[in-house]
Amino acid sequence: MNRTLPRLLMAPAVVTLFLWMIVPLLMSIYFSLVRYNLMQPGEKDFIGLANYEFFFTDPDFFASVSNTLLLLGSVIAITVVLGVGLALLVNEAFPGRGLVRVLLISPFFVMPTANALLWKHMMMNPVYGVLSQVAIFFGMTPVDWLTDLPLFSVIVMVAWQWLPFACLIFITSLQSLDRDQMEAAGMDGANVFQKFWFLTLPHLGRPIAVVVMIEMIFLMSVFAEIFTTTGGGPGNASTNVAFLIFKQALMNFDVGVASAGALFAVVLANIAAVFLIRMIGKNLD
């Protein structure tokens, strides 16, 4: 009875969450196995794995996968390196430190679409953008970032928004760093680099692993920045897996192929999650 009552009380929430996850998954599996185009909604013939074949042979498929991996790796590397550096800077006491911390984490609360519009019009516009005005001031030719360097521009936008998250995690972790140990190392002759390499960095091992895992899971579905700024182009230069699925679903009206792509994205995310969970488990040991 002691075990039955808690289970009965938890059952509605567990069942609701299970249905919330399993129903869309089953619908995606069903649509991936039939020919379902929004232009011909009455036709739902079973075609087996033809949708998967069409998605994997799409000319943009390999480009989208490579762009997704490059976006993931670049953003994670930028946020971890700069996040650690900024956390170390604001961890020391100085006038206005509280205000600086608030300003550091504020970009994380900007909506992705607003973030993309901010960078597109205010920073990267080739005519009146801040970066163009800086280039003109130093006698250089302004760069049309979204045309000449589309994927790099998206990486900068996403990294700017996720940097505060990493910085906040690292600042919190540095608060628990043993100050006595740092002072003892200084008395033993350790310089700043040695303190960072042998004391601070190992202490940040777990937070870094957590930041990498969370960012990789969420960055797999980056869409708003690409849709708002580059539209996946020029060509497929900035198309990732999420945007490729969007193109199949709402531009080609092919729900079947889009469902096949969505299941591929789920498998890819789960592979990344299993790898990261194992990595974090080793780090925690």
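This is a predicted model: local features need pLDDT of at least 70, side-chain atom pairs count only at pLDDT 80 or more; totals for chains, interfaces and linings use all residues.
## Ground rules

Local features need pLDDT of at least 70 and side-chain atom pairs count only at pLDDT 80 or more, while totals for chains, interfaces and linings use all residues. Numbering starts from 1 along each chain as its sequence is written, and side-chain values use heavy atoms, with hydrogens and water left out.

## Helix α1

Helices here are DSSP runs of H or I with at least four residues, and strands are E runs of at least two, numbered from the N terminus. Helix α1 covers residues 4–32, and its 29 residues should span 42 Å at 1.5 Å a residue; the end C-alpha atoms sit 40 Å apart, which agrees. (The expected span is 1.5 Å times one less than the number of residues.)

There's a kink of about 40° at A11, shortly before the proline P12. That bend is the angle between axes fitted to the seven residues ending there and the seven starting there.

## The β1–β2 hairpin

Strands β1 (residues 34–37) and β2 (residues 40–46) run antiparallel, joined by three bridges; pairing takes at least two DSSP bridges. A hairpin of two residues connects them, and N37 stands opposite Q40.

## Helix packing

For α3 (residues 61–91) and α8 (residues 150–174), the axes come within 6 Å and cross at roughly 40°.

Note on methods. Axes are lines fitted to C-alpha atoms, for helices over the stretch in contact, and angles run from 0 to 180 degrees between N-to-C directions.
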